[in-house]
Each structure stands twice: as C-alpha cells, then as structure tokens.
Amino acid sequence: MQQWEYHSVILEADTEVSPVPLHDDIPIAHYPVHTPYSLIPQLNRLGGLGWEMVSFEPVVVGKKGDVQTPSSAGGRWATNYLCSFKRPVD
C-alpha cells in the first residue's frame, strides 16, 4: 500500500519578496503587491521537491500564529495561504 508524508505551510503573497514570474499563460501587467500570482515560484519549488498540493486556502494569521479563514475573520482580506501537500514515501 502507498505510504504518504505530508507538509503544511503558510505562504505569503507579496510581489516585493517574490515577483510575478514571466510565463506565457500569465498576462504581463502591473500587479498589486499581494497578488496570488507571486506564490507561483514558491509553489513550483515545492513541486520540484516532489510535493503535490492537496489544499490551498486563504487565511488570516493571528499574533500567536493561529489562523482564521477570511469569512470567520469578519471579512478581512487575506494575503496568506495555508497550503497542504503530500508526496509518496520511498
């Protein structure tokens, strides 16, 4: 039976830290600072390490590292995403 290992991480959408990559399928434009397109390099890096994304959800991160979904946080905008991944165990 296939065995899996799992990894969860909070990624921040921030073009000042991670610029939007130039790809044929991403239109060239001026993007807001917190566009989710800025997550692509981080997601590609994890994919290159064999991690397959299984969930992707916007979250608001609290001062203690706790998280809320934007709807439970009173409609606040989220710039962070809770991403969960899996990959086969060799």
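View 1. I10 is found in strand β1, residues 4-12, where a strand is a DSSP run of E with at least two residues, numbered from the N terminus. In this predicted model, local features need pLDDT of at least 70 and side-chain atom pairs count only at pLDDT 80 or more, while totals for chains, interfaces and linings use all residues. Residues are numbered from 1 along each chain as its sequence is written, and side-chain values use heavy atoms, with hydrogens and water left out. With a relative accessible area of 35%, I10 is partly exposed (buried is under 20%, exposed over 50%, partly exposed in between, with a 1.4 Å probe and protein chains only).

**View 2. The open sheet.** Four strands, in the order β1-β4-β2-β3, form an open sheet with antiparallel pairing, two strands being paired if DSSP finds at least two bridges between them. Because β1 and β3 (67-68) stand at the edges with a single partner strand each, one side of each is left without a neighbour in the sheet. The antiparallel strands β2 and β4 are joined by seven bridges, and E52 has K86 in β4 as its bridge partner.

View 3. The rings of F56 and Y81 are stacked because their centres are 4.8 Å apart and their planes lie at 15°. F56 belongs to β2 (residues 52-61) and Y81 to β4 (residues 80-88), so the pair ties together parts 25 residues apart in sequence. F56 is partly exposed at 37% relative accessibility, whereas Y81 is buried at 9%.

Definitions and conventions. Rings of Phe, Tyr and Trp (its six-membered ring) pair if their centres lie within 6.5 Å; planes under 30 degrees apart count as stacked, over 60 as edge-to-face and the rest as tilted.
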